[in-house]
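Open the model in your viewer and keep the sequence panel beside it. The stops below say what to select and what is there.

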Amino acid sequence: MAPVHLFDNFLTRGGVSYTKHKTVLAAGSWEWVSSCRGRLRDRVSMGGLNVWWETLNQEVMRLFRAGHYDRAVVLAQKALQVAEQNVGPDHPHVAASLYNLALLYQDQGAYAQAEPLYKRSLAIREKALGPDHPDVAASLENLAVLYLATDRGSEALALSQRAAKIRAMKR
């Protein structure tokens with residue numbers, strides 16, 4: 001599928017998906033997605049899928065900051081799907097999408113859903129970026145916070161210490 005058609009397909013293909021996303025993205029987000037349609041089509045055709053993926057993730061974070069978790073989760077799942085389908089399962093974009101989705105779940109107290117996403121994101125980042133990359137440290141820190149929230153202090157401490165070593169090396 002040519003990149004220029006992906007956004008159109010996201011909005012118009014598969015009636016159930018379209019209806020679901022339009023319903024969930026009611027109010028502010030749906031207008032935002034609709035208004036971006038033409039601009040995104042132009043940008044995707046010029047700059048590949050990175051722009052579309054980045055735009056989806058920016059909207060995920062905007063919704064997250066505004067407390068619209070349900071709508072943010074829908075877009076985060078879509079960003080993950082876009083990344084997996086277009087750059088492969090071991091790409092840093094997939095890791096970032098997993099990380100964002102895990103943040104959303106963790107912030108809602110859905111630790112069982114967040115943990116495997118953090119772990120997969122961490123594994124991808126370690127492999128793709130190296131074990132001492134700052135993004136690896138961020139993954140370790142958030143997984144440590146999750147472990148603290150689920151009464152796994154010794155595991156949290158080990159991850160926090162490893163993250164601190166990475167941060168110290170990058171100074």
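Rings of Phe, Tyr and Trp (its six-membered ring) count as a pair if their centres lie within 6.5 Å, and planes over 60 degrees apart make the pair edge-to-face. This is a predicted model. By the ring rule, the count in the protein comes to 2 aromatic pairs.

**First pair**

Select F64 and Y69. Their ring centres are 5.8 Å apart and their planes stand at 65 degrees, so the pair is edge-to-face.

**Second pair**

Now select Y99 and Y118. Here the ring centres lie 5.9 Å apart with the planes at 65 degrees, so this pair is edge-to-face. The pair links distant parts of the chain, with Y99 in helix α6 and Y118 in helix α7, 19 residues apart. Y99 counts as buried at 13% relative accessibility. Y118 is buried too, with a relative accessible area of 1%.

Which part of R125 sits over the ring of Y99? The charged end does, 4.5 Å from the ring centre.

Next, show the surroundings of Y118. Leaving out residues up to four places away in sequence, Y118 touches Y99, A102, L103, Q106, N142, L143 and L146.

**The core**

Select L101, L104, Y105, Y118 and L140. Within the largest nonpolar core, which has 42 residues, these five touch the most other members. Colour the helices that give two or more residues to this core: α4 (49–65), α5 (69–87), α6 (92–107), α7 (111–129), α8 (134–149) and α9 (153–169). Which helix gives the most? The answer is α6, with 10 residues. In soluble globular proteins, nonpolar side chains tend to be buried together.

**The whole chain**

Zoom out and switch to a cartoon view. Of the 171 residues, 43% are buried. Among contacts between residues at least 6 apart in sequence, 60% join residues at least 24 apart.

The accessible surface comes to about 8800 Å², and 54% of it belongs to carbon and sulfur atoms.

Terms used:
Residues numbered from 1 in each chain as written. Predicted model: local features only at pLDDT ≥ 70, side-chain atom pairs only at ≥ 80, totals over all residues. Heavy atoms only, no water. Buried < 20%, exposed > 50% of the residue type's maximum accessible area, 1.4 Å probe, protein only. Contact = heavy atoms within 4.5 Å. Areas by Shrake-Rupley, 256 points an atom, 1.4 Å probe, with all protein chains shown as cover. Core = buried A, V, L, I, M, F, W, Y, C linked by side-chain atoms within 4.5 Å. Helix = DSSP H or I, 4+ residues; strand = E, 2+ residues; numbered from the N terminus. Phe/Tyr/Trp six-rings, centres within 6.5 Å; stacked < 30°, edge-to-face > 60°. Lys NZ or Arg CZ within 6 Å of the ring centre and 35° of its normal.
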